[in-house]
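Reader: Could you walk me through how to read cavities, pockets and sheets in a model like this one?
Author: Gladly; let us look at the structure together.

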Amino acid sequence: MTDRFEVAVRLFGQHRELAGDSVISVELAAGGTVADLRRALAAYPGLEAALGGSAVALNRAYQSDESPVRAGDEVAVIPPVAGG
Amino acid sequence: MTEPGSTRGSESPEGVLVAEITLDELDGADLLDRIGNESDGAVLVFEGRVRDHSSGRAVVRLHYDSYREMADDVLRDIASEALQESGASAIAVRHRVGSLAPPNVSLVVAVAAAHRRPAYEASSYVIEELKRRLPLWKREEYADGTSQWLGGQTPPVSQASPEPQTGQEGG
């Protein structure tokens, strides 16, 4: 299975509570994008209904669905933010 | 708009005296003491404080969670942009995370400028942008023992870096 790889995905806020963990592991195909990551996350127990309105950050920058995810990237799912 | 992300990974740009996420107690007076010089005719300090009510419910605590590593970068970017957009001369901003109670200070924005208008603009820019982009969340805890994560805004994709940059040339 050299054409698939695992990415560690950091979770925050409500996602962390729903998934019961602050980091989860998701498998992507080589060449996978943020959109593929979203699909994989939507199948994760607890997160199914909670991803709406979330952004994805790779290496600490918000990314569009077309952006490629690479092995070793720092990946985070960002629920709607509420600072202040 | 200047590009978000333009200062990422660098030292704080000139005029950004402080831009950080902290667990420590905040006090606007601390930053007021540090900001402004003889060319600044306007100095403004904004304190955001935890309210004891929200949508008609009594709030006893507010818990802030953050993506600390990214939030420090984003806050510095926002502070830098605020100076460029407004022409203010200096800015210092701290956002507290952890467990807070009314009337704890959750946010301090201190700005110095030659005139009042850029000071107000810079202060307002920081608050509006951090509500859009700062990776930070809050859960309200109510007097009746229940709690909930608050909804917020979906951050926009960073225009300055459509793909993560590794610093390599070509490849």
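Reader: What volume does the largest cavity have?
Author: On a 1 Å grid over the protein atoms alone, a cavity is a set of points where a 1.4 Å probe fits but cannot get out. Points are joined across faces, edges and corners, and the volume is the space filled by probe spheres set on them. Here the largest cavity has a volume of about 40 Å³, and the count comes to one cavity of 30 Å³ or more. Before we go on: this is a predicted model, where local features need pLDDT of at least 70 and side-chain atom pairs count only at pLDDT 80 or more, while totals for chains, interfaces and linings use all residues. Residues are numbered from 1 along each chain as its sequence is written, chains are lettered from A and ligands numbered from 1 in the order in which they are written, and side-chain values use heavy atoms, leaving out hydrogens and water.

Reader: Which residues line the largest cavity?
Author: Lining residues have an atom within 4 Å of a point. For this cavity they are Arg38(A), Leu41(A), Leu51(A), Ser54(A), Ala55(A), Val56(A) and Val77(A). Helix H2 (34-42) and strand S3 (55-58) of chain A each give two or more of them; helices (H or I, at least four residues) and strands (E, at least two) are DSSP runs, numbered from the N terminus.

Reader: And what is the volume of the largest pocket?
Author: A pocket is an open set of points with protein on both sides within 12 Å along at least five of seven lines. The largest pocket has a volume of about 340 Å³. Of its 22 lining residues, the closest to the centre are Gly84(A), Arg51(B), Tyr64(B), Lys131(B) and Lys138(B). In chain B, strands S2 (42-49), S3 (53-54), S4 (57-66) and S8 (136-142) each supply at least two lining residues.

Reader: How do I read the sheet, and what is its strand order?
Author: Strands of a sheet pair through backbone hydrogen bonds, either parallel or antiparallel. Two strands count as paired if DSSP finds at least two bridges between them. In chain B, an open sheet of four strands has the order S1-S5-S7-S2, with mixed pairing. Its edge strands are S1 (16-22) and S2 of chain B, each pairing on one side only.

Reader: How many bridges join S2(B) to S7 of chain B?
Author: Eight bridges join S2(B) to strand S7 (residues 105-113) of chain B, and the two run antiparallel. Within this pairing, Val43(B) stands opposite Ala112(B) in S7(B).
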